[in-house]
Amino acid sequence: MESTDPTTSDESRGDGGPPAPAADGRRGLRAIAAATLDRLPELVEAFVTQVLAIPGYANGEVGDHELRSGAGASIELLIRRVAGLPLDERLRRASAEIGRARVDSGVPLESLMQAVRLDFRLVWSALSDEIRPSEMAVLVAGGADVWEAVEQHANAVLIGYQARLAEITRALEDERREWFARLLATDGQRPEIVKRAANVLDFVPERRFVVAVARRGESALAHVRADVLARGASCHLHTQAESDTLLVQLPNGTGDDQWRRWFAGTTCVLSSPFEGLAAAPRHIRLAQACRGALGEVDGPRLVRDSWLELAAASIGEFRRDLAHDLLGPLRGLTAADRERTVEAVRTVLETGSVPAAAARLYCHRNTVFNRMNRFRTLTGLDPSSPRDAALINLALLCREAAD
């Protein structure tokens with residue numbers, strides 16, 4: 001019957017001749033590693049003594065029982081892998097479970113990796129102790145097996161650590177989304193929810209805030225969020241079906257010019273700063289309404305600069321009626337004359353003066369005066385009157401929205 005003993009396999013014998021030096025070294029190292037298992041309690045004690053010098057372990061966050069149990073499992077795992085001995089389910093799961101457990105204990109990843117290297121040093125030292133100086137070639141020849149065992153253990157520990165971190169991060173994000181949604185649903189009217197939401201979102205409820213709203217997928221609010229967090233400020237990015245909302249707590253002493261620069265180049269609507277987290281739902285609704293009322297937006301747009309568009313959008317189905325009532329008489333002009341007249345009036349309203357409008361339109365100011373007089377005569381609205389100017393602006397916006 002063909003032998004299945006790893007020490008006499010075809011792989012070890014090569015072409016059937018005498019065992020190669022490397023195969024001899026591997027068999028010798030496996031035998032020595034198997035014998036080292038008898039020293040497991042001693043190695044665990046050495047590990048516990050030395051690991052307490054590593055930051056993250058010295059504070060006692062990892063309990064004594066947990067520390068010894070993990071040390072015993074990891075050292076036994078390494079020795080058994082080097083010895084080529086079978087692993088039970090407990091040992092196969094040990095590396096990943098150690099990584100997960102250390103996250104829960106608050107051990108930094110760097111400290112955990114130092115502890116893994118300590119496992120290696122103890123095992124290597126134990127193997128070296130079992131070898132006479134004349135047999136050091138055995139350890140050198142089988143060194144690749146030791147390194148492979150350590151690498152597998154370290155990778156599994158890292159995977160477990162990262163997986164647990166990801167779970168915690170997802171849980172925290174779910175909690176943040178839940179409490180932000182509760183804050184919005186109660187409109188900031190329930191103090192206990194405002195207080196709890198502030199705690200979960202890492203906000204101080206009495207501080208100053210600002211809101212940015214963008215259409216879903218059109219902005220870089222996620223990048224702004226990362227930049228704000230890097231500056232040490234607290235914020236929360238809330239994603240909905242049609243829009244993204246970024247709520248930022250402004251650090252004390254932050255001026256308007258400073259926080260507005262955070263949003264430079266970002267397509268969004270920005271609220272004015274407001275006091276208190278309880279006011280956030282109202283300002284979010286306002287910014288969302290403004291973003292919905294605006295068409296194309298180039299860069300950040302302040303709510304304070306969006307009221308006319310919001311007013312026009314709020315008229316709803318009556319926008320066409322408003323535009324017809326106020327601007328309908330212009331339909332007596334030819335299409336070209338009508339557009340030139342409207343353009344002149346709109347430009348005067350935007351620039352605030354006839355000479356400035358004439359310069360922008362590349363025409364004589366008398367031409368602008370004539371077109372304004374024609375508009376005044378036909379519509380009965382005077383662009384130089386503040387009240388009429390407001391109505392004209394609103395009518396022009398409604399006309400554009402209705403076309």
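**A walk through a predicted chain**

Of the 403 residues in the chain, 42% count as buried, where buried means under 20% relative accessible area, exposed over 50% and partly exposed in between, as found with a 1.4 Å probe and protein chains only. This is a predicted model, in which local features need pLDDT of at least 70 and side-chain atom pairs count only at pLDDT 80 or more, while totals for chains, interfaces and linings use all residues. Residues are numbered from 1 along each chain as its sequence is written, and side-chain values use heavy atoms, with hydrogens and water left out.

The secondary structure of the chain comes to 18 helices and six strands; these are DSSP runs numbered from the N terminus, with helices (H or I) of at least four residues and strands (E) of at least two. If we take contact to mean heavy atoms within 4.5 Å, then among contacts between residues at least 6 apart in sequence, 68% join residues at least 24 apart. The chain exposes about 21,400 Å², of which carbon and sulfur atoms supply 51%, with accessible areas taken from the Shrake-Rupley method with a 1.4 Å probe and, for residues, only the protein chains shown counting as cover.

We can now turn to the interior. In soluble globular proteins, nonpolar side chains tend to be buried together. A nonpolar core is a set of buried Ala, Val, Leu, Ile, Met, Phe, Trp, Tyr and Cys residues joined through side-chain atoms within 4.5 Å, and the largest one here has 40 residues, with F47, V51, Y57, I75, L112 and L127 having the most contacts inside it. Helices α2 (21-36), α3 (40-51), α4, α5, α6 and α8 each supply at least two residues of this core, and the largest share, 10 residues, comes from α6. Leaving out residues up to four places away in sequence, Y57 touches V51, L52, V62, L67, R102, V107, S111, L112 and A115. A second, separate core of 26 residues includes I193, V200, L201 and L247.

The structure also holds one cavity of 30 Å³ or more. On a 1 Å grid over the protein atoms alone, a cavity is a set of points where a 1.4 Å probe fits but cannot get out, and its lining residues have an atom within 4 Å of a point; grid points are joined across faces, edges and corners, and the volume is the space filled by probe spheres set on the points. The largest cavity has a volume of about 90 Å³ and is lined by 14 residues, of which F47, I98, R102, A115 and D119 lie nearest its centre. Two or more lining residues come from each of α4 (64-83), α5 (89-104), α6 (109-129) and α8 (143-185). The lining divides into nine nonpolar, three polar and two charged residues, where Ala, Val, Leu, Ile, Met, Phe, Trp, Tyr, Cys and Pro count as nonpolar, Asp, Glu, Lys and Arg as charged, and the others, Gly among them, as polar.

S243, found in strand β3 (residues 243-249), counts as buried because its relative accessible area is 12%, and beyond its neighbours within four places in sequence its contacts include V213, H238 and Q288. H283 lies in helix α12 (residues 280-293) and is buried at 13%; with neighbours within four places set aside, H283 is in contact with V211, S271 and F274. A344, in helix α15 (residues 335-351), counts as buried because its relative accessibility is 0%, and, not counting residues up to four places away in sequence, A344 touches L361 and R371.

Note on methods:
On a 1 Å grid over the protein atoms alone, a cavity is a set of points where a 1.4 Å probe fits but cannot get out, and a pocket is an open set with protein on both sides within 12 Å along at least five of seven lines; lining residues have an atom within 4 Å of a point.
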